[in-house]
Amino acid sequence: MDLGRLKGALEPAVVVTADDLARIGTRVPAFYAGDLLCPIGKTPLYLGQPVALLIFEHFDAFDQARLALRDGTFVRFGEETGPIVGPNYGAFRFTRVAGPTPDAPDVYSPIQAGWISPARIQDSALPVWSPLARQTPANYAKGAVYGEQIRAELAAKDPTLLVLDREFETQSVDPMFLEPEAGLAWFSGDSSKLELVLGVQSPYDAAEAVAFMLGKARAPFKPARINSHFAYMGGGFGGRDHTPFMLYLALAGMFFPGRPVRLAHDRYQQFQGGIKRHAFKMRSQIGVDRTTGKIRAFAADHVLDGGGLANYSPNVATVAAAAAIGIYDVPKLDVTTVALHSRGVTAGSMRGYGTLQTMTALEVLIDETSAALSLDPIEFRRRNALGPNGRTMTGNPYTVSVRTPEILDKLEKHPIWRDRAQEKALGAQGGKLVGTGVACVTKDYGSGADCSFGKIEIDREGRISIHCDHVEMGTAVGTAVANRVALHLGAVADEITLAQIDAFDELALVTSGDPYTMDQKTQDAAARNPRWVPSLSTVTTASIGAHVGTQAAAEAARVILRFGLWPAALELWRIPATDPRAKQWETAAWKDGHLTMPDLAPLPLARLAATAHSRNLVTGASTHAFSRWAWSRARFQVAGVSWTADIDALAVRRGDGKFQRLDRSSVAFPPTDNNRIGATYTSLCGTLVRVEIERASGALNIAKAYSVLECGRTLVPEVVRGQAQGGFAMGVGYALLESLPPYEGGPGNGQWNLGQYLIARGSDLPLRDLEIEMLPPLTPDEPPKGMAEVVMIPVVPALLNAIFDATGHRFQSLPVTQKILKGALA
Amino acid sequence: MTTLALTINGRAYGPTEVRDELSMNDFLREYLGLTGTKFGCGAAQCLSCAIIVDNPDGTSTTSPTCVVAAANFNGKAIRTDEGHARGNELSALQKAFIEHFAFQCGYCTAGFLNEGQVLLERLARKPVARVDLETTIAEALDGHLCRCTGYVKYHEAVRDVILADPKRYLV
């Protein structure tokens with residue numbers, strides 16, 4: 001480093017290098033494996049890898065130094081070595097062969113045989129997928145044999161089968177949340193306490209990672225205590241889930257003890273160091289019976305550019321592959337996927353989590369296939385849609401509503417679709433290319449091991465407070481949890497505290513092992529401890545805010561209603577325990593803040609709360625909920641009553657007393673074999689778009705758009721609509737505008753900002769003609785379903801399909817910019 | 001160093017010495033603690049840092065603060081996010097933002113609020129025809145970047161404030 005440039009007023013107080021990290025004995029958590037700071041003499045792992053932390057005592061020094069260093073010449077390089085070649089981050093194969101009838105067992109599926117990978121050690125850059133390859137594990141070879149048979153069928157010259165074989169590429173993009181990553185750290189040498197303030201989607205894991213990093217550091221760099229405060233965030237979109245930022249923040253605090261240190265990316269640094277969406281290269285083959293129009297087989301190969309660190313690359317690869325057949329019922333499937341290391345900026349979690357890429361490729365291919373068969377695109381989708389009990393890529397059915405026919409009907413009847421030919425003709429008369437596109441997708445919510453904490457207290461005046469471990473980043477988790485609790489307690493909470501991971505000590509929970517990989521025997525043994533759960537607190541991600549984030553609080557509210565407010569109501573209504581109505585607590589309804597029952601005087605919440613307090617009834621409940629594609633379910637004794645609920649831990653408070661833990665008397669955790677499931681929870685969304693394109697300039701205008709989705713009970717309808725509108729905008733950006741070069745010249749150079757990187761502005765969108773329709777829940781008590789990701793995905797293929805309809809050009813890579821359109825139309 | 005004196009939300013600040021290259025954004029946030037003004041890009045592209053500049057002729061405009069030196073505001077009167085509410089009483093536009101759930105993460109909101117307020121004040125001076133209202137709002141707010149909401153609810157909120165008082169804002 002050319003530190004000589006930073007003299008006088010620009011001089012940093014502390015410079016922290018890789019040598020310093022080694023000297024004090026830091027450890028890098030396994031998830032973030034790789035040098036946090038590039039050591040002298042080593043080739044960087046990736047473009048833009050941090051080299052040092054420069055800590056300044058005063059803002060003015062920092063401000064002047066950052067401007068002085070922005071030209072990118074501060075770091076001195078040695079001889080060129082070429083990029084580091086690293087092993088891939090994960091390679092997987094998903095193969096499924098259905099039985100002869102829909103009801104028959106599968107011949108082969110991931111849920112039967114487990115998920116399979118080729119051997120990790122290969123001589124080639126890409127995995128050797130052949131079942132006959134050297135070092136091939138037996139379970140892999142078995143699945144691969146079936147997979148190769150499917151490919152052979154697709155390659156055979158079968159005249160009854162339409163086969164399309166297409167390649168599709170997607171680009172690297174940035175989450176571009178408006179607030180760059182930032183945080184505060186303060187290490188007090190006197191108390192040996194490290195205080196952190198930061199905003200992440202993964203509070204518990206962030207705190208754990210910092211503790212691991214400093215856990216074996218030598219004095220005085222090992223804090224006795226780490227106190228993490230998690231703040232609301234200016235957007236996340238997955239990009240604040242497990243980023244290494246908090247590690248640098250903690251180090252900044254430790255190396256400048258006694259003073260608060262702020263680490264805050266500017267936008268250049270955020271582009272340089274922030275997590276990116278994976279660029280994909282995909283080859284897809286589809287085989288469709290020419291007579292019936294039914295898909296017989298599908299095969300695909302995905303290659304993901306994971307960038308410099310593994311991060312979530314293996315997970316993104318598997319989620320993307322498992323979603324590669326979208327809404328369709330396909331009896332023969334074979335999808336390979338590999339996430340590669342590269343010198344690019346690290347890729348990880350981002351809204352859609354790989355499914356945006358694979359389902360965009362699929363829905364464009366479906367459009368082409370239906371055209372080749374002279375079938376209406378919606379009719380082709382209807383003919384091949386997976387039914388409610390149909391099996392997904394991994395061989396399991398969904399366990400929630402699957403409302404594809406309703407969605408397709410809505411799309412088909414909408415004026416944008418109905419009038420498409422007429423509008424195209426009108427456009428032609430006016431010299432414009434007009435096209436209409438459709439796409440329909442399904443996206444899972446949940447990661448397969450999700451949990452939440454929730455604690456509710458109600459005071460004598462009926463004021464409600466909620467503590468929850470999930471985080472707010474613009475997704476209305478706070479409002480959602482308040483609204484869901486209000487369904488049980490009759491009022492919106494007066495106080496909601498989110499991102500709390502240390503507010504549930506009364507449950508005294510412990511955990512061990514990895515919930516994604518543990519075996520049944522291990523889980524059964526661990527579950528004998530009534531305080532054990534498979535996971536304590538998980539990430540606010542994967543569209544789980546409504547479904548998981550509110551679950552524990554909702555169950556806590558039910559406990560307060562049943563064992564606090566309801567017995568208080570019985571007393572006020574003078575209903576004795578022997579009266580049959582005494583057991584009808586679930587039929588009571590809240591109306592205007594009053595608990596109501598037929599023929600009884602409505603009771604205001606405040607009066608019920610006062611009575612519950614005075615009678616020492618339950619006035620507080622703290623719970624934990626865990627889901628592995630199904631909820632944990634446990635039984636407790638509460639006030640002498642057996643209480644079974646979709647939670648695995650419970651503590652209650654009576655009156656003004658302290659919380660007391662209630663040991664569960666039995667528990668059923670979801671079986672560990674559920675880890676073989678791709679997804680059981682899913683939501684659907686279909687989108688129509690109409691585009692108008694100027695032939696001469698390639699300028700594209702989205703004239704109208706319509707998205708229809710189903711997401712169970714909507715806890716905050718206004719924000720569901722907002723998420724759908726925001727997802728539309730992000731989809732437009734991804735399809736038409738956003739792109740980052742992967743390597744040299746890309747964001748790792750620290751020179752990228754919003755002047756070059758274009759996201760959708762208001763003028764890019766049909767603000768007055770963007771219609772969002774939410775299907776009402778199937779039943780009044782249908783649980784909320786996740787929807788924040790699914791609303792973005794169909795926008796992208798619908799746009800590409802509309803562009804094809806308008807221009808006759810089938811684009812197979814993203815983004816389709818105005819310049820590219822102009823070139824194609826020239 | 002430059003001597004800086006200005007009026008912020010009706011209150012006089014300075015004179016004080018500031019570095020010539022100190023940005024207005026840093027002056028507001030780092031020196032005055034007025035963190036309602038956000039930093040988004042540092043390149044005047046997202047406008048989450050926009051503030052209101054009140055001109056001597058009674059008109060107002062917005063200005064980014066991230067790329068403009070604090071010294072450029074010497075002698076000027078500006079309004080920031082903190083200047084909209086009167087005590088606990090939110091402005092009509094702030095109330096409309098809340099009623100419409102116009103913002104989600106909220107990081108871009110200060111910029112939209114300032115831009116929307118300038119538009120309201122411009123229309124109060126020079127109303128537009130109802131038929132031109134949508135274009136007027138779209139042109140006023142365009143360029144402010146939001147990644148969460150898709151912009152629709154911001155536009156709806158501004159429109160509702162205008163339509164609630166058509167005699168004031170519309171021809």
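This is a predicted model: local features need pLDDT of at least 70, side-chain atom pairs count only at pLDDT 80 or more; totals for chains, interfaces and linings use all residues.
In chain A, four strands form an open sheet. Their order is 12-25-26-27, and the pairing is mixed. Strand 12 (432-444) and strand 27 (770-774) of chain A lie at the edges, each pairing on one side only. From one strand to the next, the twist averages 10°. Strands of a sheet pair through backbone hydrogen bonds, in either the parallel or the antiparallel sense. For strand 26 (residues 700-710) and strand 27 of chain A, the sense is parallel, and the pairing runs over five bridges. Within these strands, A:Leu709 is placed opposite A:Met774 of strand 27. Helix 20 (residues 795-807) of chain A lies across strand 12 and strand 25 (682-694) of chain A. The angle between helix 20 and strand 12 of chain A is about 155°.

Chain B is assigned two domains: domain 1 (2-82) and domain 2 (92-169). Taken over C-alpha atoms, the centres of these domains of chain B are 22 Å apart. Contact between them involves 14 residues of domain 1 and 13 residues of domain 2 of chain B. On the domain 1 side, strand 3 (51-54) and strand 4 (60-63) of chain B each contribute at least two residues. Strand 4 of chain B provides the largest share of that side, with three residues.

Technical notes. Residues are numbered from 1 along each chain as its sequence is written. Chains are lettered from A and ligands numbered from 1 in the order in which they are written. Two strands pair if DSSP finds at least two bridges between them. Axes are lines fitted to C-alpha atoms, for helices over the stretch in contact, and angles run from 0 to 180 degrees between N-to-C directions. Two residues are in contact if their C-beta atoms, placed from the backbone, lie within 7 Å. Domain bounds come from an automatic or database domain assignment.
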